[in-house]
Amino acid sequence: MTQGEELNELLQVRRDKLDQLREKGVDPFGRKFERTHTAQAILDAFDHLSKEEIQEKNQPAVIAGRLMSKRKQGKASFAHLQDQSGRIQIYVRKDEVGEEQYETFTSADLGDWLGVSGTVFKTNRGETSIKATEITFLSKSLRPLPEKFHGLKDVELRYRKRYLDLIMNPEVKETFLTRSRIISAMRRYLDEQGFLEVETPTMHTIPGGAAARPFITHHNALDIDLYMRIAIELHLKRLIVGGIERVYEIGRVYRNEGISTRHNPEFTMLELYQAYADFHDIMDLTESLITHIAQEVLGTDTVQYAGHTVQLGQPWARKHMADLVKEHTGVDFRREMSDEEARRLADEHGVEITPAMTFGHILNEFFEQKVEEKLIQPTFVYGHPLEISPLARKNEEDPRFTDRFELFIVGREHANAFTELNDPVDQRERFEAQVREKSQGNDEAHPMDEDFLEALEYGMPPTGGLGIGIDRLVMLLTDSASIRDVLLFPTLRDQG
RNA sequence: GACCCAUUAGCUCAGUCGGCAGAGCACCUGACUUUUAAUCAGGGUGUCCCAGGUUCGAAUCCUGGAUGGGUCACCA
């Protein structure tokens, strides 16, 4: 709503009440207020006691919150105040707070912020409440809240005006509290394991470390285009070269691609690198990290997601991509196979491919189209083909594959990791192959990065690396169907 | 990017065959000192998403557009 807009009756009434408050000498946008309790703290301490026990204690309390309901009954009223912890009922009597304050209270609108001093008591109907001795007006709400019973359902409004969603839908607040706890548990765990948290640039001169289309921006003073990072990888590996042996970053990355229930243009990744480790060590780490987080945040290693019961208790299945494809389609990609034969097999099994695809791409398509969605329980899928893994070390026994894994849970990728490629000559060849792919039309192929190659040439120790999509992990642990339900302000079109 | 669905009061939603724009909550006036989706009496507050078209007449039918949701595609 804009400044010039005519105020409808509901808005006008509230503005009139604002003026009336000022006329009475009440500041409608008050000041600092000291409380003694949150709503939940009072319920925790008193709700289990009887009406008489509470009365004996005669416990004073000062609370504050947003007025969410009001039941006026002549010279006394009931109402609920909501603070971050929850809701608590207040009971306001004219003969207790005086005529002036009672007037202020009864003319308050749902949505106004009030402070209440009083004593804890329990009503005849058994609800622990505060009997007010003093009402302090804290802040005026000039707009009506969504309907008190049905709440805010409109999905678009919930995302655009998340504050209303948080006010009206308690489970939304719970989801974001859980998100915060997940990230904090993750940090604590990694810190305890000796990992150093760092911050690296989010604006890159070369968009690398993943296969994705970047956002482009421009720096005026330097007159150069910069890319919003699509991964954290290459900077963290430079730090491994620099001798930091265990390093991680939890940060935003940006990919200029489609939006869906599982994709937001900006999302949060954990990336970590551990010197002297390989991808088997990283599997162990991933398993214990996620199980630990679930235990610490949810108190269980069993989670419900979209009707599935997911067992996060160790150990998780570890399967070679080619073996999984063989299991589900009968096609054996472990044996020698020409690109032509792979294409023919794709055709026979109804796997869609593009003409430029070779053996490794086709194996990956088999996996994505025939296997991926079936992996409900945590499964480490390893041995990704060389063609789609330009930053991972080749497998020693079969160089068509790499020492890479992805973690699948409920049919979705939750982590991506590998034994890092630390041979600068091999790395240069991989980049060159990617550049060839790019020239053949794959606009998500990895660009050449000379500065990164130079770092590798100084020597990088054998290293294991890991990336975890935090948003998807939060979705899994909060049973959220859409990524928008775990992002406070998901990307939406500008409404103008 | 393709397809399907939705858009009516501040919010949640009805709206029949094309015939005066509706309900509940919220809000306003009054009653009510342990209520709790408080109750009782009275009051309807609107760019029916937008722009065209058909029609005596459109929230309703047609065309185009906007926004959102879902599915698919792409990806994490």
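Glu406 counts as buried because its relative accessibility is 8%, where buried means under 20% relative accessible area, exposed over 50% and partly exposed in between (1.4 Å probe, protein chains only). This is a predicted model, in which local features need pLDDT of at least 70 and side-chain atom pairs count only at pLDDT 80 or more, while totals for chains, interfaces and linings use all residues. Residues are numbered from 1 along each chain as its sequence is written, chains are lettered from A and ligands numbered from 1 in the order in which they are written, and side-chain values use heavy atoms, with hydrogens and water left out.

Glu406 sits in strand β16 (residues 404-409); helices (H or I, at least four residues) and strands (E, at least two) are DSSP runs numbered from the N terminus. An unreviewed UniProt entry puts Glu406 and Glu413 under the annotation "binding site"; such positions follow the numbering used here, feature names are shortened, and annotations may be inferred rather than shown by experiment. Glu413 belongs to strand β17 (residues 412-419) and, with 28% relative accessibility, counts as partly exposed. Setting aside neighbours within four places in sequence, Glu406 has contacts that include His384, Glu413 and Asn416, contact meaning heavy atoms within 4.5 Å.

An α-helix has 3.6 residues a turn, so residues three or four places apart point the same way. Just after α9 comes Gly243, with a positive phi of about 100 degrees.

Elsewhere, Gly86 is part of strand β3 (residues 86-93). Not counting residues up to four places away in sequence, Gly86 touches Ala39 and Leu81. Its C-alpha atom is separated by 9.5 Å from that of Leu43, 43 residues apart along the chain.
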